[in-house]
Amino acid sequence: MSAPTLDRPDAAAPDEAALQAHFDATIAADRRVEPRDWMPEAYRKGLVRQIAQHAHSEIIGMQPEGDWLLAAPSLRRKAVLLAKVQDEAGHGMYLYSAAETLGADRADLTDKLIEGRQKYSSIFNYPTLTYADCGVIGWLVDGAAICNQVPLCRSSYGPYARAMIRVCKEESFHQRQGYELLMTMMRGTPEQRAMVQDAVDRWWWPSLMMFGPPDDDSPNSAQSMAWGVKRHSNDELRQRYVDMSVPQAAALGVTLPDPELALDPETGRHRFGQIDWAEFKQVISGNGPCNAERVSRRRAARDDNAWVTEAATAYAAKHAS
Amino acid sequence: MTGPVTPSAGETTAEGGHGAVPTGPEVPSGAEPSAATARRDWPLYEVFVRGKRGLNHVHVGSLHAPDDEMAVHAARDVFTRRNEGVSIWVVQANDITASSPDEKDPMFAPAGDKVYRHPTFYEIPDDVPHI
Amino acid sequence: MAHEETVYDALDHAHGGEGQWAFGTGFDDPLAGVDTTIPEGVDAADLGAYSLMLGDDALVLCQRLTEWTTRAPELEEEVAIANCGLDLLGQARLLLARAGAAGVLGRSRQTATDSIPDEDALAYFRDADEFRNHHLVEVDGGDYAQTLVRLLVASAHRLALFVRLRESRDPVLSAIAAKGVPELTYHRDHAARWVLRLGDGTEQSHRRAQAGVDAVWPLLADLSTATDVETRLVATGVAVDPADVREEVRDVLTMVLERATLTVPEWPADRPSPGRAGEHTDEMGPLLATLQGLAREHPAATW
């Protein structure tokens, strides 16, 4: 393409190939791409989509646990849960910030979420039926998120990587509080132990789906890996997660609901059963148990409170000095 | 322009979220794009924090606020866990003048002195594939 | 990355290792290591009853604020409201634990098992008639304008009390108040900023803010009359007489409302607080049912 130089007639107008070469060299040297750098449009658009969906997941992810906030069974648990749900709002903000460095606009991304044009993690479309679900979300869902997210601290895009460092610092604590709740419940009454096992039974398979489809059904991965946007394959991360979770389940005294789950003595890794990808596609296509409810609450937060946002804008305009 | 090929339709990868999220093109839906949303949004502020005495202020992120006072207030909430001992600067992103090593960027020459590429510099309809 | 790490580490460090939490809310025994001996000449039952009053106000207001979580306008407000809720929850835990340590547990121990700590027994196993909070904090919060007007009134009043309570002869109440003063200052300022913006914002926000003021104002009637417990504790230097902070609270509220271009309603005639006597509105029942339901289903459980 021929590039317009407009107000900088003295600036050289490098052709696209030179810009691309410069970008490629940055990636190849494992250096970070920063907001004002030239980048291929597909890289920018892909990143905006990924970061926005990540941010949406944090914000929607407040709801399953948020549903227990008012009913948390002890004041300590209430404080832990409120702090955690608040952290998730903060994570959403860090991530929307990162997306905004790429030319996105938070309100616009929120609109896309509400209108169903951008997605969020399908895991949050499952209901939280008992208080044990809050613990299992911390242990399994946040645990899976950590496996996914730690490599993103080295994402090639600087603002995303920096946001992820903050997110990951807080996320590990989220996982520990969940596991600690489950341990406490396992030491409690028989009803509590049954609640924990039931929650594990319901969340185990969806948590495995959090890593995305198998590598041979993931044609995009090669490009994402080449760009340093993605650092490990879906199957690789899933395997790592299973290997981590099995001893944790044993320590807790719960059974993971997979009869095929077994340690392979040769590789030292766990074999596990077939994931029901038909269910995954149903949930991600909007037919999960809670899709409509999750999105409608965001819609209400936007629409019912728009007058608050507008009032502050009007006040600022009146009092601008 | 040409560039690397964008993801194929409907693909799903793991790293976009708290977990698995699709990173294929946006899901088609019956809803019209909200390009003409009339809502007035709060401006974007950049936040700089000095974690303790002896350190520089460091850019930690951004937030939206209706005015300067609310921005610094929200920054304390979000970025310092309301630590009163921490010094905070906020500034509207629009008011920052910036330069960077890659001044030869031809795509954004009109906005060359802004910190970021701002949304207003992009008017790409959502339904245009592979742009 | 080192640069960012430095600033985050410094922030974490400043919070004594609890930096990973949104706020340094302690999650363990709230009065661990604090000498809870009742000061000489102070009636333990009175001290416990007074702690309950202040603790219930915080607990119930926290519950009302938390209703906004995942529903607040803008993410910045989501974080701010959760902060206020966490602070109040922290105050409630300390004050209910103080009540328990003073031996005031009411009927809660008839159902709560020994594994449940005092503050949870009090929060989860009392019925409405044993709660001592003002009606101000229990009534439905209405829209965001009314929520913030209520927060402004409640935090202005509580702050004025806590500033004086720092001088309490009870070292525990004094310490709780000292911790609470900066928190409540922050709540009051946050609410005041918003009342200004809503009152002097758009026509719609002004109308809503005025409606919020008009709805909340009658509840001020309950705040200034000391109960017998408070009167006795004022005499022994433990409690603050709410009548003493009436003018200060009125001045603060009047100033904010006037700057917000809102009409300041007439201050209602003072009356003894029905809430302090265990008489509550119809809205208290559902609030407690939500708060307590799960805990009561499993009275022998530990969480």
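This is a predicted model: local features need pLDDT of at least 70, side-chain atom pairs count only at pLDDT 80 or more; totals for chains, interfaces and linings use all residues.

Residues are numbered from 1 along each chain as its sequence is written, chains are lettered from A and ligands numbered from 1 in the order in which they are written, and side-chain values use heavy atoms, with hydrogens and water left out.

First, chains A and C. The contact (heavy atoms within 4.5 Å) takes 59 residues from chain A and 63 residues from chain C. There are three salt bridges between chain A and chain C, a salt bridge being a side-chain nitrogen of Lys or Arg within 4 Å of a carboxyl oxygen of Asp or Glu. Asp200(C) and Lys318(A) form a salt bridge at 3.0 Å, N to O.

Next, the whole structure: the search finds 46 salt bridges over all chains. In one of them, Glu183(C) pairs with Lys179(C), the closest N and O atoms being 3.1 Å apart. Glu183(C) is buried at 10% relative accessible area, whereas Lys179(C) is partly exposed at 41%. Here buried means under 20% relative accessible area, exposed over 50% and partly exposed in between, with a 1.4 Å probe and protein chains only.

Last, a network. Salt bridges link Arg107(C), Asp127(C), Asp129(C), Glu130(C) and Arg296(C). Within it, Asp127(C) and Arg296(C) have their closest N and O atoms 3.2 Å apart. Asp127(C) is partly exposed at 35% relative accessibility, and Arg296(C) is partly exposed at 32%.
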